[in-house]
Amino acid sequence: MNFRRIEDIVNFLEKSDWNSLCQHDNALEVALTPESIDDIFEMVTKNTDSPLIYESGCGSGVTTSQIYRYLHKKGIKNYKLVAHDINKSLVESAISKFSQDNRIIVELRSGSDYSDIPDRSVDGIFSFNTMIPFLYMYYIKKKNYSQHDDYLKETSRILKEGKPLVLTYLRVPFVLIKDSKIKKDIPFQVKLYNEHNSIEPFLRLLEFVKPINNLDYLEELLDKGYTIKGPRKDSSRDLISFKAFLKKGKEFAPEDWLSGMGYKFVEPSTFTKGHRISYKIINEFPDERFNSNYSLVKGEREIHLYLKVEVSK
Ligand SMILES: C[S@@+](CC[C@H](N)C(=O)[O-])C[C@H]1O[C@@H](n2cnc3c(N)ncnc32)[C@H](O)[C@@H]1O
């Protein structure tokens, strides 16, 4: 069986379990990409002489050894690495690997059970090939993996500010950085390291709204309870005019999608004609968007929508 996409893993898990998945080498391809590993560890070790690191789903300790080797290569000697898994025999095998080193603790613990760990006490959490498919199944497929309900909430609770939760899936790291300025249940900023990787499942996972460029997707959002707020201050008239823009081929990109995809922002000034501008260089050209008069609203949450700047031909 060849595992290439998150859906392959999910399909496999519909009929089987992780321990059988572990038998497939290509499902276990390890984790961080060389370009991103320094960046990630810089976040982990920033402002601390003795980082506390958790690894959720350590299995028999193969990926724990990766973290260990990296720390040593970088000369980081003072740390505590807590690796944990729910599989007793794998935990025993990992314990035997690291029994000589008292900086590494291997525990039988589920990734959704961090209740004994204080708020803002951890410098980094890694989960290689473990939590993403579970979260995906829970959020997207609505399967009831109850032990994962609060995984993201719990990880954001125990992480210190600016510290990463690194979820990798087949060499693709999705890095979520604790950022309390984000006023959401789960205050994470998403950082991508390779723009060719598909972030799609993950954005859906975190309930990110994608750019809106067709009526079907707009209907989907309206069904989920979003409303359109616009310049007319009347939701049904604003919806009509918003739909008219979509019919003309316009695309509205949500602000948190833009920041998740690595766009930068420029605050309004006379130079930007009073607009907040968002931009990213793609294939050597700037892709620019400006803050439109429309936003999406659901409960307390308001998501500003950005329009693509027309490039004159
Ligand atoms: C695909 S393996 C990954 C092992 C290792 N991190 C690697 O990449 O080689 C997934 C591991 O997650 C463990 N696991 C499953 N659910 C878990 C949970 N709720 N908390 C912690 N570990 C879990 C399984 O027992 C298994 O060892």
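What you're looking at is a predicted model, where local features need pLDDT of at least 70 and side-chain atom pairs count only at pLDDT 80 or more, while totals for chains, interfaces and linings use all residues. Residues are numbered from 1 along each chain as its sequence is written. The protein comes with 11 helices and 13 strands (DSSP runs numbered from the N terminus: H or I of at least four residues for helices, E of at least two for strands).

**Confidence**
- The average pLDDT is 81, and 73% of the residues score at least 70 (pLDDT is the predictor's confidence in each residue, from 0 to 100).
- Residues 144–148 fall below 50, and this stretch has 9 contacts in the model beyond near neighbours in sequence (two residues are in contact if their C-beta atoms, placed from the backbone, lie within 7 Å).
- Residues 194–199 are also below 50, with 4 contacts beyond near neighbours in sequence.

**Packing and cores**
- Of the 313 residues, 32% count as buried (20 or more other C-beta atoms within 10 Å of the residue's own, with C-beta atoms placed from the backbone; 12 or fewer is exposed, and in between is partly exposed).
- Take the contacts with a separation of 6 or more: 61% of them involve residues 24 or more positions apart.
- The largest nonpolar core has 37 residues, and Ile53, Leu81, Ala83, Ile125, Leu165 and Val166 touch the most other members (such a core is a set of buried Ala, Val, Leu, Ile, Met, Phe, Trp, Tyr and Cys residues joined through C-beta atoms within 7 Å).
- Strand β6 (residues 172–178) gives the most to this core, namely 4 residues.
- There's a second, separate core of 13 residues, with Phe242, Phe252, Tyr263 and Leu296 among them.
- Leaving out residues up to four places away in sequence, Ile53 touches Val44, Ile67, Tyr79, Leu81, Asp123, Gly124 and Phe126.

**Strand β1 and its partners**
- β1 spans residues 52–56 and is mostly covered, with 4 of its 5 residues buried.
- On one pairing, β1 runs parallel to β2 (residues 80–85) through 5 bridges (strands pair if DSSP finds at least two bridges between them).
- Leu52 sits opposite Lys80 of β2.
- To get from β1 to β2, the chain passes through helix α4 (residues 62–73) in a right-handed β-α-β crossover (with the strands pointing away from the viewer, the path from the first strand over the helix to the second runs clockwise).
- β1 also runs parallel to β4 (residues 124–128), joined by 3 bridges.
- Here Glu55 has Phe126 of β4 as its bridge partner.
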